[in-house]
Amino acid sequence: MDYQADYDRLAERLTQAGVDVEQVKDKLKRQHIETPSWGYGNSGTRFKVFSWPGAARNVHEKLDDAAYMHKLTGVAPTVALHIPWDKTDDWDALKQYAADQGVGIGAINPNVFQDDQYKLGSITHPSPSVREEAVAHMVECCEIMGKTGSKLLSLWFADGTNYAGQDSIRGRKQRMEEALAETYKHLPDGGRMLIEYKFFEPAFYHTDLADWGMAFATALKLGPQAEVLVDTGHHAQGTNIAHIVAFLLDEGRLGGFHFNARKYADDDLIVGTNNPFELFEIFTELVSAGDKAKDVAYMIDQSHNIEPKLEAMLVSILNCQTAYAKALIVDYNELADRQMMGDVLGAHRILVDAYETDVRPLLAQVRAEMGRDADPLATYRADDYASRVAKERGVADASGSGYPG
Ligand code: PSV
Ligand code: MN
């Protein structure tokens, strides 16, 4: 990839515009995007799970694939685990295996939505014994955090009801608060609880944690180690996600992201595909918040059902890099001046100028300086990793994927 002349021209233009290009490159090198173990296995919709040749069949293969993503990009050094899908008897050995491949273990995601007893909910279930079981599982996940060195407990609940009157909404809220307060006590030192919300599905009348406000109010009650997780696919059409991000950042309660894209509901498509400007808006809020965003966890949460899994994950990481790079070259001083002047479209133009800049040469240069290939997608396409694992692993039974879609 011959990008050098383009990079030199871009660097000169950005420098003239007052951008510290070395600082921008430094930040891009330190970007950290976590990939999900469940993104490497077979997945599908409620209609069909298509088996993908070479889809990872166990946690070791998932870690291998994640390590390959990190090798290509240099910015995906950790992998989120879902328990019990990725459970092992020997966490020391798994941690070591991950390290040997060049990655670390990231957020621990309990699963309290797949077992039969959770039909009417988990931590909000009317039965105390089901709630106890759900809490015990989350406490076990806190212990796994201790064993793996993970600092994040990432919580999502399928809890809700399908019909008015099915259960007491206030009662369920109180049960949830009690269960989360108990779990909170078990967080390891320095551990954080990220509370994810979703406005519908699988429940269709009400979801117990339906939006950021409910997650935020819950986090405030729990304490400083509880924060909100924004899954970009979990909002009603038209919701301004960048606004939610800005609000939570300012309150110091934005814990992290699950990135994906969607057209209609929680479609789990590749982040930044049909919503690139929205992703850029989100990153401008993060960049302009400075230190307030320093502990935010950036995670991908997608299910690639018909597209090649590894390529899809790679494109996802690259799209996050692109959005971040564009947000980093925004002239925030000029933006503030325009805002003070009330220059509505002048201010908007500052953002659009950065968004319309072709940052590919900048990213190519950053990768080269990191010892990575300038064009990871071309490298992936020329490489035999995907065909090799397809041969070695074959076509796994799709029903064993553990991913509901
Ligand atoms: C639910 O839709 C979700 O976004 C949660 O983060 C789960 O943990 C994940 O997908 C995998 O099912
Ligand atoms: Mn999610």
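# Notebook: pocket, manganese site, backbone

**Entry 1, pocket.** I began with the lining of the second largest pocket, to which strand E5 (104–110), helix H9 (276–288), E12 and H10 each supply at least two residues. Helices (H or I, at least four residues) and strands (E, at least two) are DSSP runs, numbered from the N terminus. The model is predicted, so I note its terms: local features need pLDDT of at least 70, side-chain atom pairs count only at pLDDT 80 or more, and totals for chains, interfaces and linings use all residues. Residues are numbered from 1 along each chain as its sequence is written, chains are lettered from A and ligands numbered from 1 in the order in which they are written, and side-chain values use heavy atoms, with hydrogens and water left out.

I then looked up the volume of this second largest pocket, which is about 740 Å³. A pocket here is an open set of points on a 1 Å grid over the protein atoms alone, where a 1.4 Å probe fits, with protein on both sides within 12 Å along at least five of seven lines; lining residues have an atom within 4 Å of a point. The volume is the space filled by probe spheres set on the points, which are joined across faces, edges and corners.

How many residues line the second largest pocket? The count is 28, and His 32, Ala 293, Lys 294, Val 296 and Tyr 298 lie nearest the centre. By class I have 13 nonpolar, seven polar and eight charged residues in this lining. Ala, Val, Leu, Ile, Met, Phe, Trp, Tyr, Cys and Pro count as nonpolar, Asp, Glu, Lys and Arg as charged, and the others, Gly among them, as polar.

I listed the donors of the manganese ion (ligand 2): Glu 196 (OE), Asp 231 (OD), His 258 (ND1) and Asp 301 (OD), at 2.1 to 2.2 Å. Donors are N, O and S atoms within 2.8 Å of the metal (3.2 Å for Na, K and Ca), and sites may look incomplete because water is not among the atoms. The angles among the six donor atoms run from 70 to 163°, and the site is octahedral. Six donors count as octahedral if opposite ones are over 155 degrees apart and all others between 65 and 115. For reference, the ideal octahedral angles are 90 or 180 degrees.

Along the sequence I read the donor spacing as E-x34-D-x26-H-x42-D. Asp 231, in strand E10 (residues 226–231), and Asp 301, in the loop between strand E12 (297–300) and helix H10 (309–328), are 70 residues apart and link distant parts of the chain. Asp 231 is buried at a relative accessible area of 0%, and Asp 301 is buried at 10%. Buried means under 20% relative accessible area, exposed over 50%, and partly exposed in between (1.4 Å probe, protein chains only).

I also looked at His 234, in the loop between E10 and helix H8 (241–250). Is His 234 buried or exposed? At 3% relative accessibility it counts as buried.

I checked the length of H3 (residues 59–73): its 15 residues should span 21 Å at 1.5 Å a residue, and the end C-alpha atoms are 21 Å apart, which agrees. The expected span is 1.5 Å times one less than the number of residues. Of the 15 residues of H3, 12 are buried, so the helix is largely enclosed by the rest of the structure. The buried ones include Glu 61, Lys 62, Leu 63, Asp 65 and His 70.

Ala 98 sits in helix H4 (residues 91–101) and is buried, at 1%.

Most residues other than glycine have a negative phi, and most peptide bonds are trans. I looked for exceptions. The bond from Ile 83 to Pro 84 is cis, with omega near 15°; Pro 84 is in the loop between strand E4 (78–83) and H4. Glu 201 and Pro 202 are also joined by a cis peptide bond, omega about 10°, and Pro 202 is in the loop between strand E8 (192–196) and strand E9 (206–207). Glu 201 has a positive phi of about 80° and is partly exposed at 21%.

Asp 268 has a positive phi too, near 55°. I place Asp 268 in the loop between strand E11 (254–259) and H9, where it counts as buried at 4%. Asp 267 lies in the loop between E11 and H9 and is partly exposed at 26%. From Asp 267 to Lys 292 I have 30 Å, C-alpha to C-alpha, for 25 residues in sequence.

Definitions and conventions
Four donors count as tetrahedral if all angles lie between 85 and 135 degrees; four count as square planar and six as octahedral if opposite donors are over 155 degrees apart and all others between 65 and 115; anything else is irregular.
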